[in-house]
Amino acid sequence: MSLDKEKIKYVAKLARISVDEAKVESLTKDLNSIFKFIEQLNELNTDKVEPLTSILNQSLRSRKDEISDGKIREKILKNSPKENEEFFVVPKVVE
Amino acid sequence: MADITNQSLNEIIENVKTKKVSSTELTKAYVKNIESAKKLNAFVTTTFDQALNNAKQFDNKPNFDQLLPGIPLAVKDLFCTENIKTTAGSNILNNFIPSYESTITKNLWDHGSFLLGKLNCDEFAMGSSNETSYYGNVINPVGDQLVPGGSSGGSSSALAADLTPATIGTDTGGSIRQPASFTGTVGLKPTYGLCSRWGIVAFASSLDQAGPMTKTIKDCAIMLEAMSGFDEKDSTSINKKKEQYSKNLKDNIKGLKIGIPKEYRVDNMPKEVDELWEKGKKILKDLGAQLIDISLPHTKYALPTYYIVAPAEASSNLARYDGVRYGYRSKQGKDLIEMYEKTRSEGFGDEVKRRILIGTYVLSSGYYDAYYLKAQKVRQLIKKDFDDSFKKIDAILTPSTPSSAFKIGEKTNDPVSMYLNDIFTVPVNLAGLPALSMPAGVDKQGHPLGLQLIGKTLDEQKILNIGYAFEKNCGFKNEIKKWWS
């Protein structure tokens, strides 16, 4: 199958990445060549193959749901791009 | 004494232990080298003051019983370092200062070493040439027009240029082994789960694994011993007893069975790669190993599988970069959604955006079965190829890469040709196995080439031993002229 410009704009919307109109053309070309390469997999019949979901022969460990650190609000907020005393700040969402 | 920085890590440690050199003298020597090697662009951040302070502290109160006593180390800028900027080679993390230390770097510091600086890499480790970094491409010390490989290209360049005695990288599809091969150095991707992923900027979580990059096999064993180990903060960390890889290093490989897979060739592969593979086989045979022809029939499907699985996981992992809690935020964007879209568009580079779009597409409604599920099934077949072969052999010998280092800009306009560079390294990540790239010779232009040893799950010691025996008999010497200083 091939990806057209509209499809690419739709996927970019899903990925929350704005795409420059000028770049859509070259992006379409690149992605189509990559998908052509990927679609070699269709040569294989995998009807009877179980998907591999983990390469470890063990299930993920679980742990008690307990706080092991905490009280580090200042540390966490330190890298916030917009400063505020206690919260992360984003553009206004509700009018 | 003679220039200490061109010695192996093991020799340097001996010199520190026997007080032939102090940690401060050693650190100063590396600082000097790094300052005269700016042309290589291997560093994103240097931490000289902190390093010299740490060295002084060591010299005042030395502990020589540690694995890495008073050793300064530069690390890939994908490992979070407390209070030191960590960029992952991206604009979106240009101002990110972690408030915590990754488990791997903490392990290294706990063994007596300290940070010298953070090394350039492809953006979010997505690349095979270090050309996708926001901080500019790194140059290979082997030649001023050559890429150092990627994504751990700052690591391989710094190591080969004597800017750090050893280093660490991460390997999702070959990002340790390919740059090691391109610079005539040793690189090991451990078994998935042997080294903690906690505090490493995530790319593709089911494939990512950190590992050592060093000048010799012995150095590699020392570094692996220091960095590996169970970590309860990583849910896929393997809980097992710590190994003493360096102490248990042996060069006797008599009777070991080495598999030679017939599928590890590509069209137009330079004949030197084939000749080197032949040379490798002969060396191992002469040392008493037995060569066995094997088949890994799904090898050609590994890269297409990888380019579904890795972007899918990346699109999910990189969803966190939204300009809200940390990192870059666009000044444009009138509402929240537009702020996300502008932030991600301005913050990520082209290759990262390409992979996020691939990943988003293969996971999107209506396409999941055709791509992602299909890839997971083929991944199972690739793993089964290895499992079947390893019933009758101890390790596998292959070339590390289909060519030596290519020229800067040579492959940037053709993503698929860039991806093909990882054709021999990617299958190992999909199967979660350990693999070592060791320098073995040069091509007709004099550029280094590596051979790869693939081991069974958690069989790092065995491939290190084979590498150790190989290294002693191979006669390779990395002759790099310091043209940059």
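Buried means under 20% relative accessible area, exposed over 50%, and partly exposed in between, using a 1.4 Å probe and protein chains only. This is a predicted model, in which local features need pLDDT of at least 70 and side-chain atom pairs count only at pLDDT 80 or more, while totals for chains, interfaces and linings use all residues. Residues are numbered from 1 along each chain as its sequence is written, chains are lettered from A in the order in which they are written, and side-chain values use heavy atoms, with hydrogens and water left out.

View 1. A salt bridge is a side-chain nitrogen of Lys or Arg within 4 Å of a carboxyl oxygen of Asp or Glu. D110(B) is partly exposed at 48% relative accessibility, and K106(B) is partly exposed at 43%.

**View 2. A buried pair joining two loops.** D234(B) and R197(B) form a salt bridge at 3.4 Å, N to O. Because D234(B) sits in the loop between α7 (217–227) and β7 (257–261) and R197(B) in the loop between β5 (186–189) and β6 (210–214), the pair ties together parts of chain B that are 37 residues apart in sequence. Both D234(B) and R197(B) are buried.

**View 3. Where chain B meets chain A.** The contact (heavy atoms within 4.5 Å) takes 72 residues from chain B and 50 residues from chain A. Between them the chains bury about 5,400 Å², 66% of it on carbon and sulfur atoms; buried area is the accessible area (1.4 Å probe) that two parts lose on being put together, summed over both. Four salt bridges cross this interface. Look for R354(B) with D30(A), whose closest N and O atoms are 2.9 Å apart.

**View 4. Inside the largest nonpolar core.** Such a core is a set of buried Ala, Val, Leu, Ile, Met, Phe, Trp, Tyr and Cys residues joined through side-chain atoms within 4.5 Å. Of its 163 residues, L68(B), F124(B), F386(B) and L436(B) touch the most other members. Helix α9 (residues 302–317) of chain B gives the most to this core, nine residues. Leaving out residues up to four places away in sequence, the contacts of F386(B) include Y264(B), L296(B) and I454(B).

Key:
Helices (H or I, at least four residues) and strands (E, at least two) are DSSP runs, numbered from the N terminus.
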